[in-house]
Structures are given as structure tokens and as C-alpha cells.
Amino acid sequence: MKKRYNIAVIPGDGTGPEVVAEGIKALEAVSRRSSMEFSFEEIPIGGELYLKEGILLPDKVIEGLRSADAVLLGAIGHPEVKPGILEREILLRLRFELDLYINLRPVTLLPGVKTPLRDKGPRDIDFVVIRENTEGLYAGGGGFFKKGTPDEIAIQDSITTRKGVERCLRYAYDLCRRRNKAKTLTLCGKSNVLLFESDLWVRAFEELHASYPDIAVQYQNVDALCMWMIKNPERYDVIVTNNIFGDIITDIGAAIQGGLGISAGGNINPEGTAIFEPIGGSAPKYKGLNLINPLAAILSAQMMLEHLGEPDAATILLEAVKTAVKNDIKALEAGKMGFGTREVGDLVAGYISGIKPQP
Ligand code: IPM
Ligand code: MG
């Protein structure tokens, strides 16, 4: 009997459906040569559904996601929907309701992929960012006072809880130990200005360190860290940070590992649901053109396999991606890959099966 995983799939908007299809193709290829199989249940939420029926994220969808073994997401974002609605009511609400408190974003330069960093290679760019995913500026309230007048005031609160910080730090320390590389955990904050929030992070970081004597620790302010990520990315092993800094530094991470076309991430509740996604967004101008790079979605499926406790299958998938990148794919930008979206998926699926398909 094959082990069966129930995967909920949110193809979403723009190029989301195209890239997710290639992630599924890779998983099906993995399933053909392993003792696991997948059933995929499609969930049609996103900008299209909102525009047609006014529906964003029904409670029963959230309940359905809770019972899935994992979730694959394409992209949510629609040019005809006012910015903020889909983001807050779908993406962020999923993170809050399912308590996906870890945003795991690996920054890995695969051999053969170009980085904009001169003189840096795959040995230098290989770290992981753990972004706290449920608190900070993303969870704080706020409001206007005297809006639209010369005296107007805007307040944007940020929320930092001891529990939220501690569970995130613990995950980061554990991951740093499991990775077993430089065993260095960097806390990224802004302790010279955010006197309260960073203070809480630093104290919790130092206290927890007592349980992880094998891990070396360092603290860096976010501005300096942005500079060092570009100058000396080899200094990093695992970086842990708050929600907004994590949002920002992972875009730098995406850029230095070859761009959004290859950058994947997971929104994870270690005790519950996890959603894996290409971090690039819906790229509406490429929709339906078979041009967009599906590797980020395929690598999301790879992260999902690791999360499901299938490291061998995850390795097979990763090796297939590496082979396709090394042997075939010329560039990672849409329209410049030398292959279409589906063809990249076919190449990876072919390598997974051990057969090199003829392009
Ligand atoms: C990300 C995105 C989201 C975020 C947006 C779309 C709400 O930028 O996942 O990094 O800010 O978290
Ligand atoms: Mg972002």
C-alpha cells in the first residue's frame, strides 16, 4: 500500500495556476518512483473569485485546509483588485487563522544559476531566513486621527509577544542544529531604535541560547545585515527575524539566489498546517503565456516533501532541479529560459524519473 498524502492546492491568480501545475507534475513523477502518492484538492480562492462573487476566504475553506496534510499555493494578487484586500483578507488571514508562525525562506544559489553578486558562488550563498509570520507590524492595529486635514496623524502599531518570539526563536535554533553547517544563528533586529521590541527579542534569544550551547550566535541590526547579505553572504547560516524585516530581507535573498523565479518559501505551523509557495507573486503580465519560470513552485513542492518527512523524495526532486538548471535552462527570467513553463516542468519530471527528455 502506498502512503497517501492529501494536498490542498490553491492555484490562485495570474501565473499561479501555471506554475502550481508544474509543481504537481514533479510530485507525480516523485510518486511514480516511490512508495507515496498524492491526492490533490483544488481550492479556487483568489482575485478572480472575489471579482466574480465577492468571496474572499470562507471559514469552511480554512477548515478544509486544516485537515490537509499540506497546502501548495500558486499566487494571490490581481491587478483589478485594490491593493491590500487580497493580501490582508486571504494571504495574511491564512497566516493568522492557521497560526503559520514560521516563514521559512531558504536562500540557496544552485550551481549554474547566475547571482548578481560578483565573485560569489553556490558555496557562498547558502543560508535560511526564518521570519516570524504572525506578529509585528502585520498584526498591529492603528488608525487615522483628523485624516485629510493638515493635522492628520497615522498610527501603525506593532505587536511583539514573548510567546510569539520564543516559539520562533526555538524553531530557528532547532533548524540551525539540524542543518549542521556553520551552526551560527544570527538575530536580525533594530535594537538601537526599536527599544522595546528588539529588547524583547534579544533577551529571549540570549536566554534560549543556554539550551543550545553548540550554536554560535550573533546579533545584527537590519540595516547592517542588508549590507552584509550582499557583501559577505557566506557569513550566514540561519537568520531569524521579525515579520517586517523578514519580508524585506527575503527579497534581497531572492535576488542574490537568482531571482523570484527560483525562490520558494513555506508558511508553517510546526504543529499543524503548512503552506508552500513560490515567493514571486502572480506576475499578471505573463499569465497564460507559458513563459514564467516554474522552478520556484517546483522547489515549493520540494520543501513540502521535506516538511512531510520525506527527505529522500525531497532530495530526488532537488537533484532533478539542479540537473535541469545545470544542463538545460539558460536563464531564469521569464521568456529567456530557452524553454516554456511546461517544458521546464517536463525536464524536471524527466530527470526525476531518471530519463532525460529530448527538448
Ligand atoms: C510576502 C509578501 C506578502 C508579505 C504580501 C503580499 C502581503 O510580500 O509573502 O513576502 O508582505 O508578507
Ligand atoms: Mg514580501
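Reply: Strand E8 (residues 184-189) is mostly covered, with 6 of its 6 residues buried, where buried means under 20% relative accessible area with a 1.4 Å probe and protein chains only; strands here are DSSP runs of at least two residues and helices are H or I runs of at least four, numbered from the N terminus. This is a predicted model, in which local features need pLDDT of at least 70 and side-chain atom pairs count only at pLDDT 80 or more, while totals for chains, interfaces and linings use all residues. Residues are numbered from 1 along each chain as its sequence is written, chains are lettered from A and ligands numbered from 1 in the order in which they are written, and side-chain values use heavy atoms, with hydrogens and water left out.

Me: Which way do the residues of E8 point?

Reply: Thr184, Thr186 and Cys188 point one way, Leu185, Leu187 and Gly189 point the other way, and all are buried.

Me: Which strands does E8 pair with?

Reply: E8 pairs in the parallel sense with strand E9 (residues 216-221) over 6 bridges, and Gly189 stands opposite Asn221. E8 also pairs in the parallel sense with strand E10 (residues 238-241), over 4 bridges, and there Cys188 has Thr241 as its bridge partner. Pairing requires at least two DSSP bridges between the strands.

Me: And what is the order of strands in the sheet?

Reply: The open sheet of 10 strands runs E2-E1-E3-E12-E11-E4-E5-E10-E8-E9, with mixed pairing. Strand E2 (36-42) and E9 stand at the edges with a single partner strand each, so one side of each is left without a neighbour in the sheet.

Me: What about E1 and E3, how many bridges join them?

Reply: Strand E1 (residues 3-12) and strand E3 (residues 70-75) run parallel and are joined by 5 bridges, with Ala70 of E3 as the bridge partner of Ile7.

Me: Switching to helices, at what angle do H1 and H11 pack?

Reply: Helix H1 (residues 16-32) and helix H11 (residues 341-352) pack at about 15 degrees, with their axes 9 Å apart; axes are lines fitted to C-alpha atoms, for helices over the stretch in contact, and angles run from 0 to 180 degrees between N-to-C directions. H1 and H11 are therefore roughly parallel to each other, a label for angles under 35 degrees.

Me: Which residues make that contact?

Reply: Among them are Glu18, Glu22 and Lys25 of H1 and Thr341, Arg342 and Gly345 of H11, where contact means heavy atoms within 4.5 Å.

Key. Buried < 20%, exposed > 50% of the residue type's maximum accessible area, 1.4 Å probe, protein only. Parallel < 35°, antiparallel > 145°, perpendicular 65-115°, else oblique.
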